[in-house]
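Subject: Structure handover

Hello,

Here is the structure I promised to pass on. Please open it first, then read the notes below it.

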There are 2 protein chains.
Amino acid sequence: MMSRLFLTFAAVLFLSVRFASSLHVMVNGMPGPMAVASAESCVDRGFELVPLGFTGSSGRTPELLVRDKHLVKLVKGPGFADDAVAQLVRLKKQHPNLVIVDYTHPSATLNNLACYVQAEVDFVMGTTGGDFAAMKEIFEVQGKDKKVIGVIAPNMAKQIVAVQAALLEMSRRFPKSFESYTLTVTESHQATKADTSGTAKAIVTHLTTLNGAADTFGNEQIVMLRNDQDSIKFGVPKEALLGHAFHTYRLTSPDKSVSFELQHNVCGRRVYAEGTADAVQFVAQMRAEAEKKPKEKRLFNMIDVLEYGGMQ
Amino acid sequence: MMSRLFLTFAAVLFLSVRFASSLHVMVNGMPGPMAVASAESCVDRGFELVPLGFTGSSGRTPELLVRDKHLVKLVKGPGFADDAVAQLVRLKKQHPNLVIVDYTHPSATLNNLACYVQAEVDFVMGTTGGDFAAMKEIFEVQGKDKKVIGVIAPNMAKQIVAVQAALLEMSRRFPKSFESYTLTVTESHQATKADTSGTAKAIVTHLTTLNGAADTFGNEQIVMLRNDQDSIKFGVPKEALLGHAFHTYRLTSPDKSVSFELQHNVCGRRVYAEGTADAVQFVAQMRAEAEKKPKEKRLFNMIDVLEYGGMQ
């Protein structure tokens with residue numbers, strides 16, 4: 001009995017490891033910290049990291065060791081090298097089950113996407129600040145007759161995406177249910193982040209649908225904390241001062257007898273890297289499904305990743 | 001031009017006041033604090049308070065002055081007086097646009113409901129701790145051929161109901177999206193409340209669907225604060241120690257780098273009383289719609305009230 005159980009367990013373990021390791025990942029955008037963190041999460045999941053990655057023009061970092069074990073050679077990417085598509089096509093021949101993770105500069109996004117589509121390599125793009133409408137057009141026009149699947153999302157932290165989706169749904173279902181409630185929003189990020197949190201701005205649109213203040217609440221009313229003293233007072237741990245995203249939203253009734261508060265606080269990059277690895281796995285699953293039965297939809301976002309996870 | 005504007009304004013004002021004042025409300029359960037607060041909110045909205053209310057058996061309070069102006073005679077209600085149905089029928093003849101608000105003892109709920117259904121008076125029941133399944137059966141069986149519309153809800157704070165509905169929807173759409181996150185829940189209420197918050201228990205079922213801990217998180221893990229010192233430390237204002245409902249839920253990632261927090265904090269009873277007045281208005285609207293075109297659905301909850309509000 002025990003030995004049968006053990007054998008079943010061993011078989012399940014073998015199959016999971018086999019499936020994970022049959023997934024090969026190319027990470028572009030290293031040595032950028034988000035790209036490196038994603039490469040680490042992919043390695044931790046058992047995905048195989050291919051020994052080549054696209055980087056920017058500087059060429060200051062010719063190679064990088066991920067998790068002290070996986071050496072990745074960094075070469076100039078699309079926009080800086082003419083043979084990027086040809087390189088990808090070669091790479092895909094060596095690694096048929098290849099998925100690209102892209103955390104590059106917003107200015108590189110469109111070139112990179114066009115290259116992935118041309119070479120027909122499936123991808124996950126997490127670069128924030130890219131022009132999504134332009135990206136979608138490239139995917140649809142240049143990728144019309146190509147076999148390529150992609151996830152594009154400005155925020156890869158799937159739990160935050162789930163909260164955003166829930167608030168959007170709530171604001172659609174119960175608009176003005178918090179009518180005349182006052183909204184206050186405070187966010188803290190590392191001092192180097194100049195602009196207001198994009199997530200805060202997105203969530204404010206849902207909350208002002210709920211309190212009916214969409215026309216009067218401007219993004220300039222979002223309180224931005226960008227210095228160590230204020231951030232520490234706001235609850236940010238010292239060790240996260242150089243990389244964090246803390247958000248607090250509060251809705252208060254006119255007589256102040258009722259208040260609702262929502263916080264989402266992130267230190268470091270791990271939650272985004274984990275979400276990226278989830279998206280890589282999702283792309284591989286979509287590919288497997290499309291091989292069995294071709295599908296119309298080939299461009300996805302993190303909501304799709306989340307909803308697919310829920311259906312398993 | 002100005003005078004035309006003024007006339008339009010005056011006409012709108014006249015019509016709104018007329019509509020509001022054509023709504024007559026009987027409040028049962030006074031001098032209980034929730035019934036009194038609801039009567040006040042109804043008066044503040046411009047509804048007409050009828051000068052009669054059902055009360056329990058004690059008869060210690062023969063009459064009550066609401067908002068220093070509206071005298072209500074309190075008489076024994078169903079279960080304590082045989083002629084309750086007959087009284088209601090008479091009252092409805094005098095006030096054809098009557099809606100009952102019921103905040104009585106849970107033990108009186110079923111008798112009261114049967115009486116409202118028999119007399120065909122529309123109602124809003126906010127009593128917590130009632131047996132909803134039994135109430136529904138009375139409404140459906142005894143009310144089969146009666147023309148009666150009702151709202152029954154254990155929590156009349158419509159904003160909290162909206163949050164609950166949003167979390168339910170989120171947990172259905174993205175189950176396990178917070179897998180392996182740790183849940184902590186703390187709630188504070190006045191020292192006289194013996195049991196764990198029902199709202200906290202309901203919200204925990206959604207949150208444990210999200211973090212996959214439905215089988216391991218027991219309601220005994222909800223931290224209950226029931227003494228002044230702890231409550232004040234938790235943020236409860238001194239003046240609300242005798243009547244408040246503060247809730248904090250936190251989900252934390254295994255490595256503690258990510259946390260989400262939700263708070264809903266209520267001082268006093270006003271938010272529930274306001275929600276009750278919303279429900280009264282909703283019942284009157286449903287009645288007006290049913291008069292134009294008979295409808296199947298006649299028993300509603302606060303989600304229905306919220307969704308109808310959103311559609312206006």
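Let me start with one residue. Asp278(A) is buried, with a relative accessible area of 18%. Buried means under 20% relative accessible area, exposed means over 50%, and partly exposed lies in between (1.4 Å probe, protein chains only). Asp278(A) sits in helix H9 (residues 270-292) of chain A. Helices (H or I, at least four residues) and strands (E, at least two) are DSSP runs, numbered from the N terminus. Leaving aside residues up to four places away in sequence, Asp278(A) touches Arg45(A), Lys158(A) and Val305(A). Contact here means heavy atoms within 4.5 Å. With Lys158(A) there is also a side-chain polar contact of 3.1 Å. A polar contact is a pair of N or O atoms within 3.5 Å; within protein, one must be able to donate a hydrogen and the other to accept it, and residues adjacent in sequence count only if both atoms are side-chain atoms.

A word on the basis. This is a predicted model, where local features need pLDDT of at least 70 and side-chain atom pairs count only at pLDDT 80 or more, while totals for chains, interfaces and linings use all residues. Residues are numbered from 1 along each chain as its sequence is written, chains are lettered from A and ligands numbered from 1 in the order in which they are written, and side-chain values use heavy atoms, with hydrogens and water left out.

Next, the sheets of chain A. Six strands make an open sheet with parallel pairing, in the order S2-S1-S6-S7-S8-S13. Strand S2 (48-49) and strand S13 (299-300) stand at its edges, each with a single partner strand, so one side of each has no neighbour in the sheet. Two strands pair if DSSP finds at least two bridges between them. Strand S8 (residues 150-152) and S13(A) run parallel, joined by two bridges. There, Gly150(A) stands opposite Leu299(A).

Strand S9 (residues 182-189) of chain A is largely enclosed by the rest of the structure, because six of its eight residues are buried. Eight bridges join S9(A) to strand S11 (residues 244-252), and the two run antiparallel. Glu187(A) has His247(A) as its bridge partner in S11(A). S9(A) also pairs with strand S10 (residues 223-225), in the parallel sense, over three bridges. In S10(A), Leu225(A) is the bridge partner of Ser188(A).

Now the interface. 33 residues of chain B contact 33 residues of chain A. The buried area is about 3000 Å², and carbon and sulfur atoms give 59% of that. Buried area is the accessible area (1.4 Å probe) that two parts lose on being put together, summed over both. Gln159(B), Arg173(B) and Phe174(B) supply 18% of the area that chain B buries against chain A, more than any other three residues.

Four salt bridges cross the interface of chain B and chain A. A salt bridge is a side-chain nitrogen of Lys or Arg within 4 Å of a carboxyl oxygen of Asp or Glu. Glu307(B) and Arg173(A) form a salt bridge through their side chains (2.6 Å, N to O). Strand S12 (residues 258-267) of chain A pairs with S12(B) in the antiparallel sense, over nine bridges. Val266(A) stands opposite Val258(B) in that pairing.

Best wishes
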